[in-house]
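Biologist: Hi! Could you walk me through this structure, one bit at a time?
Modeller: Happy to, let's look at it together.

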Amino acid sequence: MDVGDVLVYPTCGGECINPYAASKEQGRDGAGRIGWKQDSWSAMIIVDVGRAFDFLAWYRPLTLSTATPQKPTLAALRLDVLWTMRRPGVCSPLHFKKMELEKVGTLPIDKERLKRSFPDMRPGTSQAINNISLASALSVGPSIPAVLMPRPGEPPNFSRGKPYPTILGIEQILSG
């Protein structure tokens, strides 16, 4: 994957397919029950990539905040939807296939605009060294409570933990 890649993926209650499960049906649904079954879709944009020790690749996704009933299109993703910055993770070709990630396009990410929108981004070196899967960062609402993904300008609510940073509309971080 490269910076700017836009990918869609199936979800169950806001959870992506667990690439460590023998089959997706043996994974857990959004409520933690065994029996993953697709009921929605989500999307991510890879906004940063890197390598630990020039070898171990990591990827940082910006995800939709909430799953959608229909498969997202590139045009729909460019509307004013809420995006959530997630932590980086690793993604082997096997995990990419098992999670049923599908590239639907590429968008031009402006690094300076990205840094202004998300000034606290850190490299994914730790996640790469510890082999933390990208799958652990792809959960969206309803699995992730809305209180953890406040709209920009809303006061943060720390009752359920530290909220994720968000932007309204991907155009804020695109070049041109």
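**A chat about the model**

Modeller: Let's start with H95, which touches P19, Y20 and S133, leaving aside residues up to four places away in sequence; contact means heavy atoms within 4.5 Å. Keep in mind that this is a predicted model, where local features need pLDDT of at least 70, side-chain atom pairs count only at pLDDT 80 or more, and totals for chains, interfaces and linings use all residues. Residues are numbered from 1 along each chain as its sequence is written, and side-chain values use heavy atoms, with hydrogens and water left out.

Biologist: Is H95 buried or exposed?
Modeller: H95 is buried, with a relative accessible area of 12%. Buried means under 20% relative accessible area, exposed over 50%, and partly exposed in between (1.4 Å probe, protein chains only).

Biologist: And where is H95 found?
Modeller: In helix 2, residues 93-98. Helices (H or I, at least four residues) and strands (E, at least two) are DSSP runs, numbered from the N terminus.

Biologist: New topic: why is strand 3 said to be largely enclosed?
Modeller: Because 11 of its 13 residues (40-52) are buried, the rest of the structure largely encloses strand 3.

Biologist: Which way do strand 3 and strand 4 run?
Modeller: They run antiparallel, and 8 bridges join strand 3 to strand 4 (residues 56-64). Two strands pair if DSSP finds at least two bridges between them.

Biologist: What about strand 1 and strand 3?
Modeller: Strand 1 (residues 5-12) pairs with strand 3 in the antiparallel sense over 6 bridges. There, V6 stands opposite I45 in strand 3.

Biologist: How many salt bridges are there?
Modeller: The count comes to 4. A salt bridge is a side-chain nitrogen of Lys or Arg within 4 Å of a carboxyl oxygen of Asp or Glu. One of them joins K103 and D5, at 3.2 Å from N to O. That pair links distant parts of the chain, with K103 in strand 6 (residues 102-106) and D5 in strand 1, 98 residues apart.

Biologist: Which of those counts as partly exposed?
Modeller: K103 does, at 46% relative accessibility, whereas D5 is buried at 6%.
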